[in-house]
Amino acid sequence: MTPQPGAAGLRTTVDEDTGVAVLTLDRPERHNAIDLETAAALTTAWRQFRFDDTVRAVVVTGAGEKAFCTGIDRTAEVPQPTSPYTIDDPLLAIGPKANDLWKPVIAAVNGMACGGAFYLVGEAEFVVADEHATFFDPHTTYGMVSAYESIHMAQRMPFGEVARMALMGTAERISARRAYETGLVSELTAPGGALTAAVRAAAIIASYPTEAVQGTVRALWSAKEAARAQALAHAPHLIALGNLPPDRQADLFTTRRTGGFRTR
């Protein structure tokens, strides 16, 4: 694969022979949490892929073994408007569908995938995961509404599973095996094998006529687009009304870090 120039926090490679691009969140020291620069780089990458005919399928993954992505970096400063009818969310445009990209995307999940990671997982066509991968949503534990995350996952998992994950917060993590059983994950691999398996699947898809592939992706998303769009329209209001003030969130992050969790 040929490395492409990119911003800090995101590494892009393209295999021109197979037509597969790999986007790697490259902040392993921060569990691949997304800062503002990485968020902007993701948006730019997806939009560039729209015009790059050498790229016919994409795999998105995270560097290192500990995490695929842990959502927004808590050190990022995101000023918010005072209106309860709007929020500024830097993760809204980090996914392919948010950028009108209809080339197939596969998520290769290694380690933790939590919170804002679901903006990416939720806009992939399917997910391949290492056996040691885990999924959880910490929002409610820290006084935040799980809105966009829950909406994305409600398109991928049974309602009760999404509700339990969102409401149990940091007390539980869903194992890769359980995620496979509930349909979130389509293939389990041995540790370290998710990226290889995802690239293999992407290469097969990329070998097919691109018009038919992209048309199929668009048709699949059309099947659930109305309900998804309506739900997402409610998200900013629910967050604005339900989130604790930032100082109270910060206090919870400090006082609740010592708690354990169970994996199911």
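Student: Leaving aside its neighbours within four places in sequence, which residues is T134 in contact with?

Tutor: T134 is in contact with G111, M112, A113, R173, I174 and T263, once neighbours within four places in sequence are set aside. Contact here means heavy atoms within 4.5 Å. The model is a predicted one: local features need pLDDT of at least 70, side-chain atom pairs count only at pLDDT 80 or more, and totals for chains, interfaces and linings use all residues. Residues are numbered from 1 along each chain as its sequence is written, and side-chain values use heavy atoms, with hydrogens and water left out.

Student: Why is T134 called buried?

Tutor: A residue is buried under 20% relative accessible area, exposed over 50%, and partly exposed in between (1.4 Å probe, protein chains only). The relative accessible area of T134 is 12%, so T134 counts as buried. T134 lies in strand β9, residues 134-136. Strands here are DSSP runs of E with at least two residues, helices are runs of H or I with at least four, and both are numbered from the N terminus.

Student: What is the order of the strands in the open sheet that holds β9?

Tutor: The order is β5-β7-β9-β10-β12, five strands with mixed pairing. β5 (67-69) and β12 (262-263) each have a single partner strand, so they stand at the edges, and one side of each has no neighbour in the sheet.

Student: How do you know that β10 and β12 pair?

Tutor: Two strands pair if DSSP finds at least two bridges between them. Strand β10 (residues 172-175) and β12 have two bridges, in the parallel sense, so they meet that condition. R173 has T263 in β12 as its bridge partner.

Student: What makes β3 largely enclosed by the rest of the structure?

Tutor: Six of the six residues of β3 are buried, and therefore the strand is largely enclosed. V20, V22 and T24 are buried on one side, and A21, L23 and L25 on the other. In a regular strand, side chains alternate between the two faces of the sheet.

Student: Which sense does the pairing of β2 and β3 have, and which sense that of β3 and β4?

Tutor: β2 and β3 run antiparallel and are joined by six bridges; L25 in β3 is the bridge partner of L10. Their hairpin has four residues between the strands, and G19 there takes a positive phi near 80 degrees. β3 and β4 pair in the parallel sense, also over six bridges, and V22 has V59 in β4 as its bridge partner.

Student: Why is the unit of β3, α1 and β4 called right-handed?

Tutor: The term applies if, with the strands pointing away from the viewer, the path from the first strand over the helix to the second runs clockwise. β3, α1 and β4 make a β-α-β unit of that hand.

Student: Which residues have the most contacts inside the largest nonpolar core?

Tutor: They are L23, W46, V109 and F135, in a core of 51 residues. α1 gives the most to this core, with six residues. A nonpolar core is a set of buried Ala, Val, Leu, Ile, Met, Phe, Trp, Tyr and Cys residues joined through side-chain atoms within 4.5 Å.

Student: Why is M157 counted as buried?

Tutor: M157 has 6% relative accessibility, so it counts as buried. M157 is in the loop between α3 (148-154) and α4 (159-168).
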